[in-house]
Amino acid sequence: MLKLLLLAAFVLCGHCHDVEYIENTEENARVVGGTNAAKNAWPWQVSLQYISGSSWYHTCGGSLIRANRVLTAAHCVDRAATYRVVLGEHNLSQNDGTEQVISVSAKRIHANWNSNNVAAGYDIAILHLAASATLNSYVKLASLPADGTILANNHNCIISGWGRTSTGGSLPSILQQAPLPVVAHSTCSSSSYWGSTVKTTMVCAGGNGVQAGCNGDSGGPLNCVVNGSYQVHGVTSFVSSLGCNAYLKPTVFTRVSAYISWINSNL
């Protein structure tokens, strides 16, 4: 089930603490306001999955930052479960012939993460993989921003993931993408947006009431072009309890550039 927070935000894992499971059967679905991603469009994107019974279920996204390290959200992995990542994935319901499946051997969750209050920040984790991925045209490392980098208001970024296509809707089979321009912190923290819920260690993107991240996108990347190439500037964290694409409630991401030192110390 979804996790309702006191600050009126929903975390965005697909099955955070589920007892009911939704199979990925909707072939032509869209992330809220998004489109099917081209195969190999986001080669650092991973599907984070956990086992229940004899089946594996997509729960969150992630970004490959070393051949054997994945960056994701703390709320995706702050419970006892057996996890794996699928790299080179495109369609969750079929074999694309490009997948690499690797088990998670350890997880490093930020020490200040509070599972009862995602809006406090620190929603970041690094997964150690049991083996190194084979890097190729379908599996590549994400580029991270320089320490402290702040993107300008309306900077063009794209969210990618297998999250729900509408609030309470279905999980898609095909990787989705949607444009989410950055909303400056001064705007996003104003009373008509998120107010004090949004911290300086977060980045907001979207908020037009059309495109947004949704459940199942958590932990995945906010991909932003800087100097002609994509960098992962955000780890998908939460949206409003009013709905994934609530107007003036942008999708909120952990700002990667605020945690570069922590990332480097946990690789």
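Cys224 stands opposite Gln231, a residue of strand β14. This pairing belongs to a predicted model. Strand β13, residues 221-226, runs antiparallel to β14, and six bridges join the two. Two residues lie between the strands of this hairpin. Asn227 takes a positive phi there, near 55°.

β14 also pairs with strand β15, which covers residues 251-255. These strands run antiparallel as well, with four bridges between them. Gly234 stands opposite Arg255 of β15. Strand β14 spans residues 229-240, and ten of its twelve residues are buried, so the strand is largely enclosed by the rest of the structure.

In soluble globular proteins, nonpolar side chains tend to be buried together.

Leaving aside residues up to four places away in sequence, Leu87 touches Val46, Leu64, Thr98, Glu99, Gln100, Ile102, Ala133 and Val139.

The chain as a whole was then examined. The protein has two helices and 15 strands. Of its 267 residues, 57% count as buried. Among contacts with a separation of 6 or more, 73% join residues 24 or more positions apart. The protein exposes about 10300 Å², and carbon and sulfur atoms supply 48% of this area.

The average pLDDT is 90, and 89% of the residues score at least 70. Over residues 16-30, however, the pLDDT is below 50. The model gives this stretch 43 contacts beyond near neighbours in sequence. Residues 1-8 also stay under 50 in pLDDT. For residues 1-8 the model has 24 contacts beyond four places in sequence.

How values were computed: Residues numbered from 1 in each chain as written. Predicted model: local features only at pLDDT ≥ 70, side-chain atom pairs only at ≥ 80, totals over all residues. Heavy atoms only, no water. pLDDT = per-residue confidence, 0-100. Contact = heavy atoms within 4.5 Å. Buried < 20%, exposed > 50% of the residue type's maximum accessible area, 1.4 Å probe, protein only. Pairing = 2+ DSSP bridges. Areas by Shrake-Rupley, 256 points an atom, 1.4 Å probe, with all protein chains shown as cover.
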